[in-house]
Amino acid sequence: MRRLTLLLAVLGLLAAGCGGDDGVSVDKPWARNSPMMASAGAIYMDLEASEDDRLIGASVDSSIAGKVEIHETAMMDDSMGEEGAMGDEGAMGEEGEMGGEGGQMGAMMMREVGEIALPAGTTVNLKPGGLHIMLLEIAEPLELGEKFDVTLTFENAGEKVVEVEVREEAP
Ligand SMILES: [Cu+2]
């Protein structure tokens with residue numbers, strides 16, 4: 001029994017070591033045009049840090065987009081209303097509740113979050129309807145199959161360049 005425990009501990013260490021050499025591993029990066037804004041796009045991926053880290057910035061070549069921000073999409077609720085960014089909260093709230101199945105977009109809002117926390121060993125998903133890297137002022141609509149580089153900046157792991165492919169849905 002003792003030996004089995006030791007073996008499991010060793011396997012655990014090996015597993016933890018995999019892919020953690022460069023600090024943050026990036027899986028399944030992809031991008032698409034924003035369904036809501038003609039001049040915008042979004043990048044999604046899975047991030048996992050081997051030690052606590054934070055994604056603090058991202059950039060792409062200016063031929064792809066003029067501006068890159070870290071965003072989060074969330075269902076609009078009372079706490080977002082309190083921020084008052086949109087003003088006229090009462091009207092917005094009612095609109096959202098009336099939306100029903102066809103009005104889901106009306107109840108979704110996104111905001112700039114500036115950074116994404118990456119707790120050690122936890123996979124953080126950037127995905128439609130959640131966290132994403134927003135491409136603003138895109139020069140031309142992204143074309144399916146097109147590939148481009150995004151430079152990710154991590155607080156501890158530093159910069160990492162990742163190639164993303166434009167797709168209709170997650171790989
Ligand atoms: Cu966004």
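Let us begin with strand 2, which is mostly covered: seven of its nine residues are buried. A residue is called buried if 20 or more other C-beta atoms lie within 10 Å of its own, exposed if 12 or fewer do, and partly exposed in between, with C-beta atoms placed from the backbone. Strands here are DSSP runs of E with at least two residues, helices are runs of H or I with at least four, and both are numbered from the N terminus. Before we go on, please keep in mind that this is a predicted model, in which local features need pLDDT of at least 70 and side-chain atom pairs count only at pLDDT 80 or more, while totals for chains, interfaces and linings use all residues. Residues are numbered from 1 along each chain as its sequence is written.

Read from the N terminus, the elements follow the order α-β-β-β-β-α-α-α-β-β-β-β-β-β. Of the 171 residues in the chain, 20% are buried. Two residues are in contact if their C-beta atoms, placed from the backbone, lie within 7 Å. Among contacts between residues at least 6 apart in sequence, 71% join residues at least 24 apart.

How far can the model be trusted along its length? The predictor's confidence in each residue is given by pLDDT, on a scale from 0 to 100. The chain has a mean pLDDT of 80, and 70% of its residues reach 70 or more. Over residues 12–20 the pLDDT is below 50, and this stretch has three contacts in the model beyond near neighbours in sequence. Residues 80–105 also have pLDDT below 50, and that stretch has 15 contacts beyond near neighbours in sequence.

Now back to strand 2 and its partners. Two strands pair if DSSP finds at least two bridges between them. Strand 1 and strand 2 run antiparallel and are joined by eight bridges; here Asn33 stands opposite Gly41 of strand 2. Strand 2 also pairs with strand 7 (residues 123–126) in the antiparallel sense, over four bridges, and Leu47 faces Val124 of strand 7. A further antiparallel pairing, over three bridges, links strand 2 with strand 8, where Met134 is the bridge partner of Ala42.

The side chains of this region lead us to the largest nonpolar core. A nonpolar core is a set of buried Ala, Val, Leu, Ile, Met, Phe, Trp, Tyr and Cys residues joined through C-beta atoms within 7 Å. The largest one has 27 residues, of which Ala42, Ile43, Leu47, Ile133 and Leu135 touch the most other members. At least two residues each are supplied by strand 1 (24–33), strand 2, strand 3 (53–60), strand 4 (65–75), strand 6 (116–118), strand 8 (131–138) and strand 9 (147–154). Strand 2 gives the largest share of this core, six residues.

Leu47 touches Val24, Val26, Leu55, Leu118, Val124 and Leu126, not counting residues up to four places away in sequence. Met45 lies in strand 2 (residues 41–49). Why does Met45 count as buried? Met45 is buried because 24 other C-beta atoms are within 10 Å. Beyond its neighbours within four places in sequence, Met45 is in contact with Val26, Asp27, Lys28, Pro29 and Leu126. The C-alpha atom of Met45 is separated by 9.5 Å from that of Leu131, which is 86 residues apart along the chain.

For a contrast in setting, turn to Ala58 in strand 3. Ala58 counts as partly exposed because it has 19 C-beta neighbours inside 10 Å. Leaving aside neighbours within four places in sequence, Ala58 is in contact with Val68, Ile70, Ile133, Val150, Thr151, Leu152 and Thr153. The C-alpha atoms of Ala58 and Met134 are separated by 9.2 Å, and the two residues are 76 apart along the chain.

Finally, have a look at two backbone details. Lys28, in strand 1, has a positive phi of about 50° although it is not a glycine. Lys28 is partly exposed, since 15 other C-beta atoms lie within 10 Å. Glu137, in strand 8, is a residue other than glycine with a positive phi, near 55°. With 12 other C-beta atoms within 10 Å, Glu137 is exposed.
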